[in-house]
Amino acid sequence: MALKDIIKYASIFTFLLNPNISQGADSTQLQINPPLYSTLLPDKQNEISVGPLGKGESLSISGYGVSGAKFEGNTLKVITSQFILPNYTLDIILKPNKSNEETKLTFQTSGYRFVDQKDSDKDGLPDSLEALIGSCPYNKDSDGDGLEDYLEFCKYKTDPTKKDSDGDGIPDSDWEERREFTYTIAAKMMLLEPFDIETMNDQFQDVRKIGGKDKDGYQLIQIIIYPESDPLFVPSTDKKLDRSMRKYLNKTAEMNYSKETKGEIGKLTESQPTNIGKICKILEWLNGTKTVTKHAEFMHVAIKDGKIEVRSPFDDPNYSDEEILEKCFIGEKMYRMKEHGTCGSSSILRGMLLRAVGIPTRVAQSVPLLYDIAGEEISGEITNEKYNKALRVQEGRSDIWNHLYNESYVNHHWMRVDYTADQTALAYKMLFVKIISFGSFQDTDFTDTWKDETWLKRRPYKTLEVDEQFPKHKK
Ligand SMILES: [Ca+2]
Ligand SMILES: [Ca+2]
Ligand SMILES: [Ca+2]
Ligand SMILES: [Ca+2]
């Protein structure tokens with residue numbers, strides 16, 4: 001295959017692909033940014049058709065978040081593992097045969113493809129996509145049924161142009177009715193504070209309180225999880241911020257950063273014009289940092305009046321409390337040392353870095369939907385093979401199990417950013433229930449209810465009942 005052919009065919013898709021081509025001795029490296037709207041979905045096969053390939057030629061693919069790739073005929077199937085959508089940079093390595101046989105190569109990815117990014121009503125769906133699905137580009141809720149076009153399209157899979165998608169007389173907005181077009185898991189959970197119904201309602205969850213506080217302080221919550229939700233995030237160069245988001249750029253006691261750090265991170269991300277490009281760059285940087293096994297967990301530490309207080313001492317005799325705090329809880333220090341502790345600590349460092357480049361970011365706390373503790377009874381079960389494997393994998397575990405991550409505000413929606421390390425498999429399937437999102441540990445004190453010594457006696461969360469529902473209608 002001749003290099004000119006690659007350039008020629010790749011450039012056909014310049015509105016979707018941004019090829020940078022370099023030629024090595026025996027391979028041609030074609031670096032593409034997957035098309036803006038081609039969402040590469042975690043744990044799904046993302047197809048990129050390449051070819052036809054010449055005899056003896058082969059292609060391989062690698063990139064951040066790519067966990068595997070294989071060819072079927074002329075289709076390259078890419079499997080991605082990280083829940084960061086959708087702007088991966090993939091390196092496609094083409095090994096041409098030596099016979100100079102002419103081969104044409106085209107790149108096309110599955111998903112949505114659009115030329116422009118204009119989003120007149122700022123609902124997260126670009127005008128061109130709204131034209132395609134028939135919704136109004138100047139109205140966030142085209143059919144006036146109370147569900148935004150964006151959520152009907154990405155989460156509920158109902159028709160954004162009909163108040164009553166299945167014509168049975170019950171509007172789409174009905175709490176149960178909106179579950180009929182996609183697979184959902186319903187659960188009843190008991191939660192201790194802190195939790196927050198407002199931030200619990202997001203692109204993967206519908207949540208409401210169904211009871212008051214019982215004598216032990218638990219409140220009963222009903223939650224519907226939409227694990228098949230495919231949020232759409234359009235990479236944007238727009239720097240204008242929704243006013244209410246400014247507080248998620250603030251420096252805090254833990255997400256602090258110096259002028260110098262801001263400058264360095266700015267440099268690191270300056271090659272990326274879009275917000276999602278910057279997020280990817282920062283995640284790549286974080287991948288290169290070290291995880292330390294110290295213990296400054298959020299349940300030991302609180303922030304009062306901007307001062308970090310250690311509520312229960314850390315258990316490492318080799319380090320002072322102050323040193324452990326610096327390694328695990330203070331953004332600027334972690335950045336300088338290129339170190340961080342567990343997920344809570346990573347969420348501080350990641351949050352700090354994203355804020356430093358002007359992307360509003362907060363921290364989210366989540367808990368497993370099901371927890372395997374001997375003798376604990378939960379009514380109902382999950383038969384969906386895709387999800388039941390992800391449940392109860394923590395067999396025998398009796399310590400506090402939870403996961404913190406970040407959410408960044410991108411194109412008028414909060415986007416869940418990165419699920420790290422061993423939690424990935426569980427968390428990206430959304431079978432962790434998000435219980436609260438917050439701008440700083442100053443606003444949310446976990447130390448009263450999340451003490452590990454009282455864990456088995458007084459767990460902060462407990463699932464009583466689960467119930468799944470497969471879609472009743474095909475879209
Ligand atoms: Ca729109
Ligand atoms: Ca609607
Ligand atoms: Ca509708
Ligand atoms: Ca209906």
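Visitor: Which residue is the bridge partner of Ser366 in E19?

Guide: In this predicted model, the partner of Ser366 in E19 is Lys434.

Visitor: What makes strands E16 and E19 a pair?

Guide: Two strands pair if at least two bridges are found between them. Strand E16 (residues 361-368) and E19 have 6 bridges, in the antiparallel sense, so they count as a pair.

Visitor: Why is strand E19 called mostly covered?

Guide: A residue is buried if 20 or more other C-beta atoms lie within 10 Å of its own. In E19 (residues 432-438), 6 of the 7 residues are buried.

Visitor: Why is Asn411 called buried?

Guide: Asn411 has 22 other C-beta atoms within 10 Å. The cut-off is 20 or more, so Asn411 is buried. Its place is the loop between strand E17 (403-410) and strand E18 (413-417). Phi of Asn411 is near 50°, a positive value in a residue other than glycine.

Visitor: Is Asp305 buried or exposed, and how do you know?

Guide: Asp305 has 7 other C-beta atoms within 10 Å. A residue with 12 or fewer is exposed, therefore Asp305 is exposed. Asp305 sits in the loop between strand E13 (301-304) and strand E14 (307-310). Asp305 also has a positive phi, about 50°, although it is not a glycine.

Visitor: What makes Asp230 partly exposed?

Guide: The count for Asp230 is 17 other C-beta atoms within 10 Å. Buried needs 20 or more and exposed needs 12 or fewer; 17 falls in between, so Asp230 is partly exposed. Asp230 lies in the loop between strand E11 (219-225) and helix H5 (259-269).

Visitor: Which residues does a cis peptide bond join?

Guide: The cis bond joins Glu193 and Pro194, with omega about 5°. Pro194 is in the loop between strand E9 (184-191) and helix H4 (197-200).

Visitor: How many helices and strands does the protein chain have?

Guide: The chain has 11 helices and 20 strands. Of its 475 residues, 43% count as buried.

Visitor: What is the mean pLDDT of the protein chain?

Guide: The mean is 76, and 69% of the residues reach 70 or more. Over residues 96-116 the pLDDT is below 50, though this stretch has 60 contacts in the model beyond near neighbours in sequence. Residues 419-429 are also below 50, with 24 such contacts. Where pLDDT is low, the predicted coordinates should not be read in detail.

Definitions and conventions: Residues are numbered from 1 along each chain as its sequence is written. Chains are lettered from A and ligands numbered from 1 in the order in which they are written. This is a predicted model: local features need pLDDT of at least 70, side-chain atom pairs count only at pLDDT 80 or more; totals for chains, interfaces and linings use all residues. Helices (H or I, at least four residues) and strands (E, at least two) are DSSP runs, numbered from the N terminus. pLDDT is the predictor's confidence in each residue, from 0 to 100. Two residues are in contact if their C-beta atoms, placed from the backbone, lie within 7 Å.
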